[in-house]
Number of protein chains: 2
Amino acid sequence: MKKNNTAPDSLEAFHKRLVEISDNLPKRLRQCADYVAANTDKIAISTVAELAANAGVQPSAFIRFCQLMGFSGYSEMQRIFRNDYAQRWPDYATRIENLRANGDDSPATLLAEFLEAGRASIESLANEIDAEDLSRAVEMLAGASMIHIAGLSRAYPVAAYLAYAFEKMDIPTILHDKTGNLDRRHSILPGNVLLAISFAPYTRETIDLAAYAHERGNRIVAITDALNSPFHRLDAISLKVSEVDVGAFRALSATLSLAIALAVAVGARRRPGRGGK
Amino acid sequence: MKKNNTAPDSLEAFHKRLVEISDNLPKRLRQCADYVAANTDKIAISTVAELAANAGVQPSAFIRFCQLMGFSGYSEMQRIFRNDYAQRWPDYATRIENLRANGDDSPATLLAEFLEAGRASIESLANEIDAEDLSRAVEMLAGASMIHIAGLSRAYPVAAYLAYAFEKMDIPTILHDKTGNLDRRHSILPGNVLLAISFAPYTRETIDLAAYAHERGNRIVAITDALNSPFHRLDAISLKVSEVDVGAFRALSATLSLAIALAVAVGARRRPGRGGK
DNA sequence: TGCTCGGTGGAATAAATATTCTATTTTGCT
DNA sequence: AGCAAAATAGAATATTTATTCCACCGAGCA
């Protein structure tokens, strides 16, 4: 626990300070710290009494915690969260409403639906991604002498995007599209890794290619939408991403974000110091 | 203006009620309604005094407005916004923080960056899209006897996704990828429309194709990132989407959402009117 | 054991925020 | 123009919320 009289003025500064003071905290103040760490988002819209009750302490204790964080009191601390909120949501909700207001099946309304679906998908990916698996996937791809990318139909744009990103970073890649109906499975050599993208109902060709690679002893990284996908049997590292759908259609926002992050991380890992080019 | 004593209990109900009472409102109450309609998001974190001041009315007037909406007062109205906030952000901000906490250049941190960028892009698209242009684009594409899709490098995944979506809906489409280095410009016939996707710095081939199409008298719909893009000179309907970038890389979340919405809207528009399959 | 001192709970107080009330103004109508 | 009804501003009040204060507890130490 460390003293410091300058109040954090941003979310990052807040978190930094929270970590700083976090060692050697007395019981009640620790409860506050833990609760706040796990529920930062609630601060903007809660009263001290509510937070204190949830953290299992007295309001006065909670205020002592605020002061320890460097603020004069709860109100001052709350201010930075409210500011943050105001910036984050300039009026997104309102704009979405406005788009929707165009009429039930107007293009704008439809766009609003897909934007909402995209946002929800991204949030859910943030919640559900397994950082361990992601790291292992990056490591494995970074160590590959060649990355083979497979993804068809709905997954094809993702595969194409990955191929583009790897290409930009001078990483050797083969995109297994079906151009000319060529089967290029024999280009998969020892030490290569297959990066397969497929969603239920899984494309036969992609699964077949993965099975072939697995049989030959090549490792597989899969981007898919369920943990019990066919890739599971192939000893693949599965990155699960579930997209929210609109009617019969499913967006790709979260999947694309995952893909680009994966690609850039691999690039950074291969050439430490440079994120890309 | 209508009387009604049941308070809305959800955001949709709130908006519905807002529209209901919106006709024939006295001056000050109208100011409240207008301000609230444009700043719904601020309610969760503001006091009556603040809102009233921003709306240019007295706090008491604002409270009368709340009551007209069916609430007992401001506090009761605020509650539904705070609940909504709590649900929307169960702990998204926290999770992002947690991802970031993995270390400065860990894959998880990178993913957090891209997810944030994706979210921001989606929100900004919601703010900036021109519903008029979108409708006109849909109409034009729906009326085309054939849709030609052009998009290379970073735009290629978008083009591929559009081609996939149109194909799913049995809409005749040609994807102008550069497979076999074939130039298929001569497939562009009268009555066809070109859907071109390109971002600065614009891909030469895409622009050339668009120029050719324009010359032949074909209409163009463009998905691009600036209103002064080369498409502007070609009398294209431009849909502008600006993606937030992370380092040297730019996500595609918002663009993809726009693309799928566009495709589905075109599909919906064609089906009812025509006997088409 | 008894003293000290940081930590704590809870009541007391201060501040802010919400709500009501009423005199006055505006609006709509004839 | 003149009247009645509705709407409004702003002060007064009630309520909620934040903050301070102080008596008490319990660990560490002579």
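Of the interface residues of chain A, 95% are also interface residues in chain B, so the copies meet through the same surface. The contact takes 64 residues from chain A and 63 residues from chain B, where two residues are in contact if their C-beta atoms, placed from the backbone, lie within 7 Å. This is a predicted model, in which local features need pLDDT of at least 70, side-chain atom pairs count only at pLDDT 80 or more, and totals for chains, interfaces and linings use all residues. Residues are numbered from 1 along each chain as its sequence is written, while chains are lettered from A and ligands numbered from 1 in the order in which they are written.

- On the side of chain A that touches chain B, the elements giving two or more residues include helix H6 (92-100), helix H8 (131-142) and helix H11 (253-270).
- H7(A) gives the most to this side, with 13 residues.
- By class, the side of chain A that touches chain B has 38 nonpolar, 15 polar and 11 charged residues; Ala, Val, Leu, Ile, Met, Phe, Trp, Tyr, Cys and Pro count as nonpolar, Asp, Glu, Lys and Arg as charged, and the others, Gly among them, as polar.

**Symmetry**

- Chain A is superposed on chain B by a rotation of 180° with 0.0 Å of shift along its axis (RMSD 0.5 Å), using least squares on the C-alpha atoms of residues with pLDDT of at least 70 in both.
- That is the relation of a two-fold axis.

**Surfaces near the DNA**

- DNA strand D is surrounded by 17 residues, of which the closest are Thr47(A), Gly73(A), Tyr74(A), Arg28(B) and Ser60(B); a residue is near a strand if its C-beta atom, placed from the backbone, lies within 6 Å of it.
- The surface near DNA strand D has nine nonpolar, six polar and two charged residues.
- Around DNA strand C there are 18 residues, and Ser60(A), Thr47(B), Ser60(B), Gly73(B) and Tyr74(B) come nearest.
- The surface near DNA strand C divides into nine nonpolar, six polar and three charged residues.

**The fold of chain A**

- Chain A has 11 helices and seven strands, which are DSSP runs (helices H or I, at least four residues; strands E, at least two) numbered from the N terminus.
- The radius of gyration of chain A, taken over C-alpha atoms, is 24 Å, well over the 19 Å that the globule rule gives for 277 residues, so chain A is more spread out than a compact globule; the rule is 2.2 Å times the number of residues to the power 0.38.
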